[in-house]
Amino acid sequence: MLRWIRQQLGFDPPHQSDTRTIYIANRFPQHGHYVPQKFADNRIISSKYTVWNFVPKNLFEQFRRVANFYFLIIFLVQLMIDTPTSPITSGLPLFFVITVTAIKQGYEDWLRHKADNEVNGAPVYVVRSGGLVKTRSKNIRVGDVVRVAKDETFPVDLVLLSSDRADGSCHVTTASLDGETNLKIVKLTDTVLQTHVAVPETAVLQSVANLDKLVAVVECQQPEADLYRFVGRITVSQQNEEIVRPLGPESLLLRGARLKNTKEIFGVAVYTGMETKMALNYKSKSQKRSAVEKSMNSFLIIYLIILLFEAVLSTILKYAWQAEEKWDEPWYNEKTEHERNSSKILRFISDFLAFLVLYNFIIPISLYVTVEMQKFLGSFFIGWDLDLYHEETNQRAQVNTSDLNEELGQVEYVFTDKTGTLTENEMQFRECSINGIKYQEINGKLTPEGLSEDSPDGTRHDLVKEEELFLKAVCLCHTVQINADQTDGADAPWRANGIASPLEYYASSPDEKALVEAASRVGVVFTGTSGDAMEVKSLGKRERYKLLHVLEFDPNRRRMSVIVESPSGEKLLFTKGAESSILPRSKSGEIDKTRIHVDEFALKGLRTLCVAYRRFTPEEYQEIGKRLHEARTALQQREEKLADVFSFIERDLELLGATGVEDKLQEKVQETIEALRVAGIKVWVLTGDKHETAVSVSLSCGHFHRTMNILELVQHKSDSTCAEQLRQLAKRIKEDHVIQHGLVVDGTSLSLALREHEKLFMEVCKNCSAVLCCRMAPLQKAKVVRLLKTSPEKPITLAVGDGANDVSMIQEAHVGIGIMGKEGRQAVRNSDYAIARFKFLSKLLFVHGHFYYIRIATLVQYFFYKNVCFITPQFLYQFFCLFSQQTLYDSVYLTLYNICFTSLPVLIYSLFEQHVHPHVLQSKPVLYRDISKNAHLGFKPFLYWTVLGFFHAFVFFYGSYLLMGEDASLLGNGQMFGNWTFGTLVFTVMVITVTMKMALETHFWTWINHFVTWGSIVFYFIFSLFYGGIIWPFLHTQDMYFVFVQLLSSGSAWFAIIVIVVACLFLDVVKKVLYRHLRPTSTEKAQLTETGSGVNCLDSMCCLSDGETACAPLRRRLERLMGRCSPTRVNRKSSRDAVRVLLIVDCLCLCKSGGVCKIRRPLPLVLDVRPPNIYLGVCVTSEDMQKAHAPRP
């Protein structure tokens, strides 16, 4: 039992071997020693809580927060000692915050439970007792033989046993795993890769009866998260003989993938439930904390220090007063005998804790729950934004992490992938090099460079030998599949050049698809696979090549190969890959010319691949087959052994040529990168492409300017040369500091730079306007991001990518953006936010990021401000009650202040505030600089809000004291106010002032803002009237009975409320006005531009040299007619007079000194009467007025 408990806690994990043995159909051996292995069931659990652990686990997580734990301690102190306030004052707000958070988290977990139950309860068919048995997904066990039909999702990780095809293959889509929507072929076993076995032993078992007789054992590795790695072998017993076949990733059908173009398959379950690769990839992302949250925690600590200081000071002053003999204790406050004889230390601690309880509301308990609600509700606006909706793909922006909304407004560095992020990932064949000659495709023919189709030499009806071999290599060395619903084109009509009607190809790589389609257009058509044969038609002549081995692509080799047997029986190796991995392994062919052509292709921004081949003698091929079989059947270090064999095979190549494929830029990429630069954001492009290709694309997309000085750190092989080059670059940047610099660095040089010269490399990078890293591995991308992230300046980083190779970079950055591209959804699933196109990044940062940051920065500081206003009068009151710990406010007011009276206005503000119009923010990226580096949550703004809170609190208290302090009678019957009336007056002034302060901060008013702002004040008055006007039987004391009614019956009290509120807010208004006129920020100038005149409302601008507008005389008339307008608010149905006035105002904006006043965007309005001085939306000076009579188009 003890060992089981230790295992559950993770201290004593059960021993596991490196491999697992699975008996197909659970036919365990009847003789010999057999120890059954324990495997997980097939339930998927993505939920966090259960019915039994929800309360304790959720409470534990919530009380890990400092503020919640602090209020729990205060609540317990109130229960244990005699404190001036009721425990309810701390307990009720704490209960409210804990309950709201628990409901939110419980609801989210209930949705996860619901999704889990749907998956676990899905019906499946399993082969048991000689027949198909229908059961639920959660009941599948390891070793069960499962049947999956077309278009169904695989319920477990299966090793394929058979399909309805004779070759034992099937097609799957893995969109829910790696996101690739292209068809993939899964082969049963290694038979098509071996020479001695024609058909897999289990592929012929296509019926339930035959499968029920199968006796086989699968041995494979223990579960791991890598989707593309699987090592195992299957041992089939046939006629007292055991046949061993290797199993690899091509044999494994992953849970979550979907069966396509195949009627049905049978497979054996090897990994179930939470041990499936899909479940192991449920990565619990590392918790990312925004800069605002870190500032919030710092502010909490400062306020905690203020609280402790006030409590200690009050305790000391209390004992200092009691130490003087002349201050004898009043009869109503005499100590008891027990108090006189108790320990002074214990009395001091007790008094300190009592003051701590009295002042504890200076820590805003509801801040966390309000921030959570603001982030959660505010995140919906991103998904609802139609400007972020991509109509072609029907994709909206999505939010995976709402905790980082405000971080979108703090980005200083953007790291972006190139392919599929800046480009469309739609490949088009442009050029190729064959045997040292460059070719272009013109009207379905390969034409040498410099020749046209019309020239006699340009028309080629037949392919020469080198061209045909090159195109055959392209058609055979790939993983392309053909739509199963299409015919192979054998009986289809042939065109004049012998090409069949186009086939529909599917491929996991868009490069391969583009190359195969290009080859088919020029006469060599890949028509599909049949069993272990690949069929090619060369100018109408059918050829069958037997596929012997596939040497799969991997990022380390950067190439893939196939070994085929030609119709003549010759064994050939065809290889394609990056020029850096093909050219060094080539021993013949036009290597130098091809290298020059590859560089030329790259300079044009084309993606390049080199193609080569090798002929094998029978002896060489026999040796290769033997080595491959040994490596593929190894259970230990299979990848290393395969890499050695592949390297042995792919050598002494004969170069055939190279290809150039274009990947066009996405729409508005150049404008977006330029806008990011104007906003003060540095853009780094991290790509795996070739140096020349990456530079060309960087120039075309505006990442590098033509006038920019391009520095290079490439092709370094040693630390010394790399360091020397870095020092030279740093010196050059210092000498030419006026010129903008761009840096290009490749993967190998980057590795050297990061190894020993990290500081120098960072210095060079930070002084460059743009950085391009090429030939980057996925982990190198993450290292670069981490390098910037952890630099002394600690800049906020954002990473954008669309493929699985970008996931590490996306997870490493402060904010990760996934592009919903053609490379799948893996980047999207692991990102914080997902958008359909790179151009949407500008709206996401400049508008949503700006709004979210301003909203939450104001929310956080306003919370601290209103709590300082709340508690400081309580502290001041102690000087007048001889530190007797008498409370100034009633307990109900203490409880409801943060929950009801002041909570809604700031929450609505934090959801809807738009201090500048979205169009202005997007059209003026420079406004983004105003909020960078956490400008609104720095020490100065925090100090301003805190001092303002103390100032307002002093005005509340002493303003009320001046009114009532001389025992003045403020009632008509001569009665005087008591201490509860005084406290209620202070509280009333405070509620009105802090609510009005929020109204002053609000720029964008909606009916909801009006409702909650004025409604909060009205609610306070109505509640106070009911609370104090009725005797409530369930309250043991009712100190507030008739107090509020009495207060409101005094005209002097009303006068005091008005005067104190105005006195508090007057200085704040004056400060705002002075700062806006004397030291306006760019944002405040934009606000004035937006609302200053009708001209600016129509998105035009007057260029008067002194900054004055010539339209001022007509502004009032315009505002009367149109109201406060904005570029999106101009009503097309406005009266014609109003429209005419708008146009006339534009035309009266005549510039001094012969300037020109232009309307940046023409009005979407048509008038039947055209004033004579309007010309194409441009108002000109009197010198050019004659030109203005031309009609508007």
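**Note on packing, rings and strands**

1. Start with F912. This residue is partly exposed, because its relative accessible area is 24%. Buried means under 20% relative accessible area, exposed means over 50%, and partly exposed covers the range in between, with a 1.4 Å probe and protein chains only.

2. On the basis of this note: the model is predicted, local features need pLDDT of at least 70, side-chain atom pairs count only at pLDDT 80 or more, and totals for chains, interfaces and linings use all residues. Residues are numbered from 1 along each chain as its sequence is written, and side-chain values use heavy atoms, with hydrogens and water left out.

3. The structure holds 56 aromatic pairs. One of them is F381 with F912, an edge-to-face pair with 6.0 Å between centres and 70° between planes. F381 lies in helix α11 (residues 380-384) and F912 in helix α28 (residues 904-912), so the pair ties together parts 531 residues apart in sequence. F381 counts as partly exposed because its relative accessibility is 25%. To pair, rings of Phe, Tyr and Trp (its six-membered ring) need centres within 6.5 Å; planes under 30 degrees apart are stacked, over 60 edge-to-face, and the rest tilted. Helices (H or I, at least four residues) and strands (E, at least two) are DSSP runs, numbered from the N terminus.

4. F957 and F982 also form an edge-to-face aromatic pair, 5.4 Å centre to centre and 85° between the planes. This pair links distant parts of the chain: F957 is in helix α30 (residues 939-964) and F982 in helix α31 (residues 979-1001), 25 residues apart. Both F957 and F982 are buried.

5. Two charges sit over rings. The charged end of R627 is over the ring of F648, 4.0 Å from its centre. K1071 lies over the face of Y1075, at 4.9 Å from the ring centre. The test asks for NZ of Lys or CZ of Arg within 6 Å of the ring centre and within 35 degrees of the ring normal.

6. Helix α31 also holds M996. M996 counts as partly exposed because its relative accessibility is 25%. Not counting residues up to four places away in sequence, M996 touches W1014 and L1065; contact means heavy atoms within 4.5 Å.

7. Now the loop between β29 (682-686) and α19 (691-700), where G688 lies.

8. Which residues have the most contacts inside the largest nonpolar core? They are L798, I817, L841, L845, V860 and F987, in a core of 137 residues. Helix α26 (residues 840-877) gives the largest share, 23 residues. A second, separate core of 44 residues includes L503, A518, Y545 and L572. Such a core is a set of buried Ala, Val, Leu, Ile, Met, Phe, Trp, Tyr and Cys residues joined through side-chain atoms within 4.5 Å.

9. Strands β2 (residues 123-128) and β3 (residues 131-136) pair antiparallel over six bridges. Pairing requires at least two DSSP bridges between two strands. V127 stands opposite L132 in β3. Two residues lie between the strands of this hairpin, and S129 takes a positive phi near 55°. Strand β4 (residues 145-149) runs antiparallel to β2, joined by three bridges. V126 has V146 in β4 as its bridge partner.
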